[in-house]
Amino acid sequence: MPDENQKLSSSGPNAGTHRVVGQPVHRYGGVDRVTGAQRYLSDITFANAAHVAFATIPVGCAAIDAIDTSPAWAMPGVIAVVHADDLPQPVARFGVSHKDRPVIATKMVNYHGEPVVAVVAETEDEAHAAANAAVIHYTELPGVYGLDAALAGDAHLVQDPSVRPRDDLNSTNVLEQVEYAWGDVDSDGISSPTIIEDTYTFPMVTHFPIEPGGIVAAPTDDGGIEIYSPVQHPYLLQRTIADVWSIPLSRVRVIAPDPGGGFGGKQTPRYEPLIAFLALKTGRTCRLVLSLEEAFQLMRRSGCRIHARTGFSESGELAFHEMQVDFVVGAYADVAPRVMTKGSYVGAGPYRIPRVSINARAVLTNTVPSCAFRGFGAPQVGWATESQLDAGARALGLDSLEIRRRNLVEHDEAFIRGDYEARSDGRWHESLEKAAELIGWHEPTPSGRGRGIAVGIKPGATTGLSQSLVRLLYDGSAMAYAGTSDMGQGARTLWKQILADELGVDLDLITIISGDTNSVPFDLQTSASRSTVFMGNAVLAACEDIRDRVLKLYAEATGTAQSELAHSPGQLVTPSGAIALVEAAQTALGGLRGEFVGQGTCRLWGEKGHPLGGDAAFYEFNATAIEVEVDHATGEILLTKHVTVGDVGTEINPLQVVSQDEGAAIMGLGHSLMEQMLFDDNGQIVNLGAIDYRIPTFNDVALDMQTASIENNDGPGPYGCKGISEGALLCTAGAVGAAVADAVGTPVRELPITAERVWRTIRDANRDSPV
Amino acid sequence: MATYCRPRTVSEVLAALANAEGRGRILVGGTDLLVHLRKDPFAPTVVVDIKSVNDLPPAVEIDDDVVRFGPTARMAEISGDPFIAGHLPALGASARVVGSIAIRNRATLVGNICNASPAADTVPALFVYGSTVTLTGPGGERTLPLVEFFVGPGQTRCGPDEIVIRIDVPIPDRGHRSAFQRLTRRRGVDLATVSVAAGVDADARIVLGLGCVGPTPLVTDASPPVDLTDPAAIEGAVEELVSIATPISDVRAARDYREAMVRVLAVRAVQSATAASGGVSS
Amino acid sequence: MTESSLHPTSEVAVALELNGNLVHATVPAHRTLLDMLRDDLGLLGTKRCCAEGECGACSVLLDGELVNSCLVLGAEANGGVLLTIEGLSMDGVTDLQAEFLAAGAVQCGVCIPGQVMAAEQLLRTNPDASRDEIRDAMSGNLCRCASYQRIVQAIQAAAVGRRSDA
């Protein structure tokens, strides 16, 4: 069995001939999805389930004065009406980085949509009617809904200092801050011929999964609980429920139906501890199905404001880059501090810069707590850095491509310097050049259009643990147990492909088990595009473990010396030639039959002192090129071309790579062109729901869109692969911004680049320099 | 909670509305009504589904000088009708951009005016053709110009005991040209940020219908005859006409952007109308 | 004229032809066709997302036309003929569904039943739709995984297949 604790390293292309890996195998679970047979959380029926609904108040910040539950109790079908006073005191708080989120709003409402009262009733209608009847008396407080308000000297504190008593910053709304610097950080004395200084903003956007989600909690006879939740991290949820309600892990079973879209929004527990409490209190199975509006109030990306100052040499080399980065994280920490530290860590981009200074803060506001979202902080900071590069290029008479050619690091060159440097783990110039080629950069831009090219980088997981079991059954079928949540990325398809090749089993004879903590071994989480690398390696190791076991038992059963046997993917090599592993396994198992069970683990230890807890297992790198046509009178943008190229290592399933790349790229158009959560003066979300929160449709995709991959087999995952699912979103905004600036002559520095903002930019530019 | 009935005759509809004492809501397509029901699910709304009423006027009736739309005329029929495309192009074009195919299969023209949104896509075009609306109620039928029908956002002159039975759209004389222009936040299905329908008669007088720039859709007076070959003349005429616009800032756009866009779209609508055949862009 | 047609009721008896079978249900007046399908008739393939006609996840064919079942009352379906994703898939995966799989159009999958219904209706009503027409016609069906290009490709491939079979 391979050493499970070794540092991940590039394994290079497998020597064996791949039969299935590298092929466009159709998605596991695809047939159920096209026929409507797939059961998502809200499609699972429970006998005698009670239904949960929440009462909220229409402001973002208030003190709860009194709650009159009697009108709710008087409604038909009501089983329980619960608010903070009904929970064990003090009300438990939980969270991955800070234990700051209460199980239910306690004394205060800190964002619009925070549940204040939970009703359990016999039907969904009855639960909503009763929740609507509950009366919440409150006093609205001067909440902070934006950065300036939150950072003002006399700002309302989103969190009472008692929530984080040992924190030096607890009398401010700064939750955490971090500083990265290398070189001579005091750039004032540096004489760069070209210095660009500007401020950029990135909007709060919401995940908008087509499955808004929900939770079902069922008490069990042994005093434990079963939680059904479409979470990306079932084991984190299990641990949270066990911690909050003091139940042993063994009696907390998490069943995680496939998430109907995750994108980072379904990682962390939020309402699960409350629904568990309701189930334990009432003894009933309690079911909560969220509306899309409630999903908006559950998950969003951090907004961000970046002030950047960048110096360039005469020939366009970066001399220094300074940034003050403020993330708008919302009312509770969730994983936002990590988003802030990780996103700003790569804030200076994949460039060769002698002097860098990045100061980043996670700032609390009375808004929906932000969480992970595809790109994890990198798109926010990258928007500013990429825009600065283009501003420098314009000032120096270079174009988007040329300035990147001059600054992008070469293979194995450090782009983060200092005590914990990070080096390029790919040949990133190849991606840049490929994107330029695909958009036809060398051809003149058609009249009236503009072009931009940008690059993006995101650290993959910095620590990790994935464990897998694989069973090779007597009849030649096989099962893999892998805890990765299959939320659309198609993880199980890859495990099938790996099993098919490594064990020589037909694809149709492979079953993958996931989403149940009672039967599937531990997996840390499904995030950071880690699964293909981490769980992939674990599954691969489990298959190799099986081949070892087949070899040993075959030797015993046939009286062959082990030294005369060897195995390779799908085969056992015997003195009389290679035979199919499945055949060898049958021979080895003999009349008693039975099966082989293999175990595989992939573990990445962190590095003490490293600002991210360790260097990334791999970097996602992407180059995006965009061509636009801008209507100068209205500001409307038409995307004529959109090209993205990812540095993927190896495509295990090219069809899924294309799906993920196109999906990420189009999702990136959302925050680039149209998406933003808007709040009123009382902290209410103004565009709460699909009618006024716009996401890209079929018609918003570029007229010509292409994605491509660079395959150098240089990743740490199986067959040299890297994680890929976020790359194509990382620099969409930068490329759109550069293209629009190219078309209209002036950049837009606020996202989304709406028609209105483009119009305003053109108007202001004309005002400043009348023709 | 809501209640539902499905009367068979107009008189039954009126009886149901009378009994509902102001809580009655007419249901045909439901694309607006169901959104309202969802937002206020506990109100005792009386849903009066008139799709089985057998003495309603036909959905679309084309006469010599008028096209009559009954309560069941759906956007899908209107946007796909070649006669409408040829004679009432701004109306056909505006019906074409209402929601998605699934929405247009349900949403009705009468419903679009009764919802009385300042952003109602078809109203600027209906204005430009000088449409009238006919209501029926306990006191019998009455007809009023569509411009007088709207009172404010979501408010019309249709009483709680009345229903809109018909919209009459006069077929313009030969030589009249019209077009529709709309601005949205994305290229796919969207609500309008600003919309404009332009009608240009044989004497080159311009009338504009304007959406999203006032508490109700607006219509201008007719301009004096304009030299349509002179862009500056068109711009000048438009500038005069759109002075009636009083846009506000909201979730879709700021006031000053709307003020600027209503001018841009109006000029384009006039130009589009007077180009070969008239048409739409959005 | 019947009493029940005139007097508003809070419960409505509904009889409709659902995927070829006559079914009956009695539902509250405010219940949408979507919720009736899912909660009263147990057909869970039609998905619920925005519930206000913006996302298309609940697309079904009512009397041969594409509708958002969240914007139709269950009561309105009385006497209607309804085809849902279950009915479309009754004999297994259709050519169109197979093309969805082959094109890599299926990611998380929640929007897919609605996409399939909208695409099927498009193929039935405009079998020669151009790429632009497909994009436009499908714009009422949101996919947050953004499989849009894949879905267009699947529809085009199915259209080619149907033309060659015709």
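The questions and answers below go through a predicted model, chain by chain.

Residues are numbered from 1 along each chain as its sequence is written, and chains are lettered from A and ligands numbered from 1 in the order in which they are written. In this predicted model, local features need pLDDT of at least 70 and side-chain atom pairs count only at pLDDT 80 or more, while totals for chains, interfaces and linings use all residues.

User: How many helices and strands does chain C have?
Analyst: Helices (H or I, at least four residues) and strands (E, at least two) are DSSP runs, numbered from the N terminus. Read along the sequence, chain C follows the pattern α-β-β-α-β-β-β-α-α-α-α-α. The count for chain C is seven helices and five strands.

User: What radius of gyration does chain C have, and why does it agree with a compact globule?
Analyst: The C-alpha trace of chain C spans about 50 × 35 × 25 Å along its principal axes. The radius of gyration is taken over C-alpha atoms, and the globule rule is 2.2 Å times the number of residues to the power 0.38. Because a compact globule with 166 residues would have a radius near 15 Å, the value for chain C agrees: 17 Å.

User: Which strand supplies the largest share of the side of chain C that touches chain B?
Analyst: Two residues are in contact if their C-beta atoms, placed from the backbone, lie within 7 Å. The contact takes 29 residues from chain C and 30 residues from chain B. Helix H1 (3-6) and strand S4 (65-68) of chain C each supply at least two residues of the side of chain C that touches chain B. The largest share of that side, four residues, comes from S4(C).

User: How do the residues of the side of chain C that touches chain B divide by class?
Analyst: Ala, Val, Leu, Ile, Met, Phe, Trp, Tyr, Cys and Pro count as nonpolar, Asp, Glu, Lys and Arg as charged, and the others, Gly among them, as polar. The contact takes 29 residues from chain C. The residues on this side divide into 14 nonpolar, twelve polar and three charged.

User: Which strand gives the largest share of the side of domain 1 of chain C that touches domain 2 of chain C?
Analyst: Domain bounds come from an automatic or database domain assignment, which for chain C gives domain 1 (3-88) and domain 2 (95-165). The C-alpha centres of these two domains lie 23 Å apart, and the contact takes 13 residues from domain 1 of chain C and twelve residues from domain 2 of chain C. Strand S3 (59-62) and helix H3 (85-88) of chain C each supply at least two residues of the domain 1 side. The largest share of the domain 1 side, three residues, comes from S3(C).

User: How many residues does the contact take from domain 2 of chain B and from domain 3 of chain B?
Analyst: Chain B is divided into domain 1 (3-49), domain 2 (60-170) and domain 3 (177-281). The centres of domain 2 of chain B and domain 3 of chain B, taken over C-alpha atoms, are separated by 19 Å. The contact takes 23 residues from domain 2 of chain B and 25 residues from domain 3 of chain B.

User: Which residue in S7(A) stands opposite A:Val52?
Analyst: Two strands pair if DSSP finds at least two bridges between them. S1(A) and strand S7 (residues 117-121) of chain A pair in the antiparallel sense over five bridges. The residue opposite A:Val52 is A:Val120.

User: Which strands stand at the edges of the open sheet of three strands in chain A?
Analyst: The order in this sheet is S6-S2-S8 (chain A), with antiparallel pairing. Each edge strand has a single partner strand, so one side of each is left without a neighbour in the sheet. The edge strands are S6 (108-109) and S8 (135-140) of chain A.
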